[in-house]
Amino acid sequence: MAEREWRSGVHLSTNMCAAHRKEVLSGEYGVIPRLAKGKRIICVSTQLIEAGVNISFDCVVRSLAGLDSIAQAAGRCNRHGKDKVRNVYIIRSSDEVLTNLPEILIGAEKTERVLQEFKDDPGSLGNDLLSSKAMSRYFEYYFNDIGDKMHYLIPKLEQNLFDLMDRNRYYVDAYKKKHSCKPEVVNHYAIATAEKYFEAISTNATPVIVPYGEEGRELILDLNGEIEPGEMSELLRKAQQYTVNIYDYELRTLEKNGDVRPLLHGHVLALREPAYSDDFGVESKGEGAWEPMMI
């Protein structure tokens with residue numbers, strides 16, 4: 001990564017494999033050591049930087065979202081208390097479309113409401129946007145609204161998660177119809193059923209090994225060659241650091257462009273080099289080999 005020393009901006013997202021993200025964050029010319037040396041750097045990141053990363057910037061600019069997510073992002077600003085005060089900016093991107101992300105859309109709307117209330121009467125929210133009063137009010141607005149608009153359907157059961165964890169009307173009504181009386185139990189929550197079938201994070205993604213760095217490229221070559229029985233487990237262990245989960249629609253585009261090739265008789269998929277960028281990770285348009293401009 002030595003050739004990146006001169007660059008003042010980096011990108012982080014789950015389109016990059018774990019080894020790639022680690023290098024960008026902690027490598028010789030990574031974000032963390034450069035910040036420790038007082039170097040100025042811009043990091044454009046998805047939400048992955050908001051949890052589990054001990055990093056501190058002089059300023060944070062966060063797209064409008066739920067107040068809890070904004071608080072997590074704010075925790076990456078002046079994290080170690082180097083300065084008395086540093087700024088966190090909340091913006092509304094003009095080209096952001098959240099119609100397919102209702103949880104984030106509702107969160108943004110409720111945050112905007114709390115921001116207006118704070119502007120009108122900061123004392124009612126403890127004079128602090130991250131106070132327990134502000135957070136309580138945000139979640140009150142959020143959960144009062146989201147229950148009417150969100151329908152976490154469990155396809156295999158055709159049941160709504162909220163109802164399973166609340167009155168469980170479908171099964172209660174079925175019991176009453178069969179036995180001509182209400183269930184004797186007071187607690188109708190179907191916790192075990194919800195745990196068994198519900199996926200908090202959808203798994204409609206396919207793991208693909210990517211050619212990041214010399215080790216990633218060598219790993220793909222090794223998996224494409226003759227493998228001794230004792231080597232397989234070690235190669236697959238290494239592959240975990242060079243794997244990206246790609247959603248179905250992206251995978252179809254990559255396959256159409258000829259950027260995915262099967263290994264191990266089709267049991268493992270690997271990405272071709274033109275579809276992986278050293279700056280942005282997986283590029284479904286196959287532009288990974290382009291030469292980036294200096295930021």
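The legends below describe close-up views of a predicted model.

**View 1. A nonpolar surface patch includes Val61.** Val61, Tyr89 and Ile91 together make up a nonpolar patch on the surface, with about 280 Å² of accessible area. Val61 belongs to strand β3, which spans residues 60–63. Its relative accessibility is 53%, and Val61 therefore counts as exposed, the cut-off being over 50%.

**View 2. Four aromatic residues form one cluster.** The members of this aromatic cluster are Tyr138, Phe139, Tyr142 and Phe143. The structure holds six aromatic pairs. Another ring, that of Tyr141, has the charged end of Arg113 over it, 3.6 Å from the ring centre.

**View 3. Helix α11 has buried residues along one face.** In α11 (residues 248–256), the buried residues are Glu250, Leu251 and Leu254. Viewed down the helix axis, these residues fall within an arc of 100°, so they line one face of α11. Tyr249, Arg252 and Lys256 are exposed on the other side of the helix.

View 4. Arg217 is partly exposed at 29% relative accessibility, and Glu214 is partly exposed with a relative accessible area of 49%.

**View 5. A salt bridge joins Arg272 to Asp259.** The closest N and O atoms are 2.9 Å apart. This pair links distant parts of the chain, 13 residues apart: Arg272 is in the loop between β10 (268–271) and β11 (276–277), while Asp259 is in the loop between α11 and β9 (260–263). Arg272 is partly exposed, with a relative accessible area of 35%. Asp259, with a relative accessible area of 5%, is buried, since buried means under 20%.

**View 6. Asp58, Lys82, Asp83 and Arg86 belong to one salt-bridge network.** Salt bridges that share partners join these four residues. One of the bridges is between Arg86 and Asp83, whose side chains meet at 3.0 Å, N to O. Arg86 is partly exposed, with a relative accessible area of 39%; Asp83 is also partly exposed, at 25%. The structure as a whole holds eleven salt bridges.

Notes: Residues numbered from 1 in each chain as written. Predicted model: local features only at pLDDT ≥ 70, side-chain atom pairs only at ≥ 80, totals over all residues. Heavy atoms only, no water. Patch = residues over 30% accessible without salt bridge, like charges linked within 9 Å, V, L, I, M, F, W, Y side chains within 5 Å. Areas by Shrake-Rupley, 256 points an atom, 1.4 Å probe, with all protein chains shown as cover. Helix = DSSP H or I, 4+ residues; strand = E, 2+ residues; numbered from the N terminus. Buried < 20%, exposed > 50% of the residue type's maximum accessible area, 1.4 Å probe, protein only. Phe/Tyr/Trp six-rings, centres within 6.5 Å; stacked < 30°, edge-to-face > 60°. Lys NZ or Arg CZ within 6 Å of the ring centre and 35° of its normal. Arc of directions from axis to C-beta.
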